[in-house]
Amino acid sequence: MLVSVYRYNPETDREPYMQDVEVSLPEGKDLMVLDVLNLIKERDQSLSYRRSCREGVCGSDGVNMNGKNGLACITPVSEVATSGKLVVRPLPGLPVIRDLVVDMGVFYKQYQRIKPYLQNSTPAGGRERLQSPEDRAKLDGLYECILCACCSTSCPSFWWNPEKFVGPSGLLQAYRFLADTRDEATEERLADLDDPFSVFRCRGIMNCVSVCPKGLNPTKAIGHIRDMLLSRAT
Amino acid sequence: MTALRKLSFDAVVIGGGGAGMRASLQMAQSGFKTACLTKVFPTRSHTVSAQGGITCAIASADPDDDWRWHMYDTVKGSDYIGDQDAIEYMCSVGPEAVFELEHMGLPFSRFENGRIYQRPFGGQSKDYGAGGQAARTCAAADRTGHALLHTLYQANLKNNTTFLNEWFAVDLVRNQDGVVVGVIAIEIETGEVVFVESKATVLATGGAGRIYASTTNAHINTGDGIGMALRAGYAVQDIEMWQFHPTGIYGAGTLVTEGCRGEGGYLINKDGERFMERYAPNAKDLAGRDVVARSMMTEILEGRGCGEQGDHVFLKLDHLGKEILHSRLPGITELSKTFAHVDPVNAPIPVVPTCHYMMGGIPTNVNGQAITQVNGKDQIIPGLYACGEAACVSVHGANRLGGNSLLDLVVFGRAAGIFIEEQLQQGIEYNQASEEDVDRAMGRLNQLDSNDNGEDTAQLKKELQSCMQNYFGVFRDGEYMKKGREELDAMRDRVANIAISDKSKAFNTARMEALELQNLFEVAEATAIAADERTESRGAHSRGDYPERDDKNWLCHSLYHPETKKLTKRDVNFKPKTVESFEPKVRTY
């Protein structure tokens, strides 16, 4: 199979380029894209990419495959290759450090900005805080985020305003804490988000939803935050 | 030498998994200058893959639950070489540590009364084995590790821990007095080598499951801390004890939680027989992991395996129904579809025992202080600490119970943090490392960077992994292990002679993988020698030529000494502080 991989080494390359590599795939086995990258790396150790769990839970290997963001480790080649060709590029919109490795700094900064931790100053006593299964269920579809950045780097609003628009991933996490019945900082959280950019730059394009490897729905979470901001204003 | 940039901290924790971040959180909370140095962004650490839960007697599923019952189970599970003072500490302090996690925001699943959901796991009992199966594993669906790791990262952000993300620790730096005063580390993005100096150095580098070809472990589980300790000449304990998880997905190796069996799933052979009823009439599919893994291998070896090759068995879940699968085991449903092309709602998952956990590691006391032995006497290694899978405190002995790894890393990450806090408050003085001290720690990296012609990392890694898989797996035998040791002997010089063709600085993963392979090799060699020399069967260590447990000679820890490559014995602690000790009994389920 022909694999076209984005290459850039800041020490030796004046500019990035696409490298075409012929990879022979084992027959009768549908490899994951990460397996293919590993095969290439066995021959050319200079190819750089991140990987860890290889089962879709650590979020290391978000890349762009034939135009769509996803995790290399749980994306079968057959699912993305078109006309027998696999094209692998770094996640779009972030500075490239080397090859498929991007600088996630601004992405993490937006995550930190929403204060991604439970805030509750009421003494909890010697046991857990109680939460009904119904209230706990409100966190489903939110807490599972793996911070792979597939969503935010597929979002045109984030491409334009990565410093000001929190982005789908950060907002999903913001709502995860807004929705948690154990959190007491709802008002402060909303006040922090109440400006024209942080939330309202979302235009409902829903690229985030179509690429999320965990099947999460940031657009829906953003909708809930908008509702909360609007009812707070009235 | 070229002068290295130096960063100084009160404490540096190597590893950003559950143990490392629980330790760093503790120290950061009390205002000490704490760094968490991790080769991957913290939430990429392998704790994220833990599924089923964290076992702890919080008395939610059963209001009468008792940590002493948990202790009994853990001692029995360890096949009696877990240290009873450490197990006592873990089981009794556990509830406090778990409630703290809940207070930090961990999204545990809940019972109707609002308390934390607990499910049954293997090896759990009530009333010291007399009261039947317990349900003691606290869970966030089947994503407990993910929930726990993210919660700890968030708590560290809240408390301003300094994160050195994507930094790779190469080797320990010791001063003239033999005190560990920090590490040499590479900032991966730039390739810059830095001396990270610290009053306390905590190894929380996790396991090394990548010594085997088939493993549930992440690519990053390369035993970096164990490698560093062995190169520094420190002994490792019970390193022959490797857990093979009964249910790795056939072909892919990815984990399917024991929680599946806790929720009512069971294993079947090619005749559709629930074979665990024969091997463990009481606990059945929830016997100890070593027992279940061996039973599966026996089914396969005796011709009752499934599939064309008869080389796996099936995990049946469909009878649980769609609703239970989707609410309690959603991650498994996803993984099974992706890696086994099977929807467990309709069909069973093909599974096979797969390397999962390193029970052995750097010996420590309950305060996380690393220990070595000199002339048969325990000696604290000044400045060095370990916790989590890299450590052997030892609470798992010869076989870890499901759900006890998350408890171990939280309790002992916390304990190490608390102890170091106290030490820092009292003041820690030490002699600065000299240039020579730093140079010594740079030796391995310099050698790698200056080598132009040598061995290829990828090729050697394959040879190493297949050697370990073939000769040191679920069933072991002296004759085969000798062969394995010979192969490893022949590999040692080659591993020292790795050459990388790519010597660039920026995000050079080739350099990292070469250094990781050298760590894997250290762990593999220690495993091989210890496995060959422990002439008995106990827990996960099962030998055809020595099929019985030998309490007369081997009711003890093994200590592997890297400089002499010899194994010595170390006493197991049978002196818990508040309860009677549990005496060894025949271990049946």
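1. Welcome to this predicted model. Helix α12 covers residues 435-450 of chain B and helix α15 covers residues 509-533. Their axes lie 11 Å apart and meet at an angle of about 125°, which makes α12(B) oblique to α15(B).

2. Which residues make the contact between these two helices? From α12(B) come B:Arg444, B:Leu445, B:Leu448 and B:Asp449. From α15(B) come B:Arg511, B:Ala514, B:Leu515, B:Gln518 and B:Asn519.

3. Next, the cysteines. Over all chains, the structure holds zero disulfides. In chain A, the sulfur of A:Cys150 has its closest cysteine sulfur in A:Cys148, at 3.6 Å. A:Cys150 itself is buried, with a relative accessible area of 0%.

4. B:Cys387 is in no disulfide either, and the nearest cysteine sulfur, that of B:Cys36, is 10 Å away. B:Cys387 is also buried, at a relative accessible area of 2%.

5. Now have a look at A:Ala149. This residue sits in the loop between α4 (133-137) and α5 (156-160) of chain A. Is A:Ala149 buried or exposed? Its relative accessibility is 2%, so A:Ala149 counts as buried. Leaving aside residues up to four places away in sequence, A:Ala149 touches A:Leu91, A:Met104 and A:Phe107. A:Ser169 is 20 residues from A:Ala149 in sequence, and the two C-alpha atoms are 6.9 Å apart in space.

6. Finally, chain A as a whole. Chain A has nine helices and seven strands, and its C-alpha trace spans about 60 × 35 × 30 Å along the principal axes. Of the 234 residues in chain A, 56% are buried, and A:Ala149 is one of the buried residues. How much of the contact in chain A, counted at a separation of 6 or more, joins residues 24 or more positions apart? Such pairs account for 65% of those contacts.

Terms used: Residues numbered from 1 in each chain as written. Chains lettered and ligands numbered in written order. Predicted model: local features only at pLDDT ≥ 70, side-chain atom pairs only at ≥ 80, totals over all residues. Heavy atoms only, no water. Axes fitted to C-alpha atoms, helices over the stretch in contact; angles between N-to-C directions. Helix = DSSP H or I, 4+ residues; strand = E, 2+ residues; numbered from the N terminus. Parallel < 35°, antiparallel > 145°, perpendicular 65-115°, else oblique. Contact = heavy atoms within 4.5 Å. Disulfide = S-S within 2.5 Å. Buried < 20%, exposed > 50% of the residue type's maximum accessible area, 1.4 Å probe, protein only.
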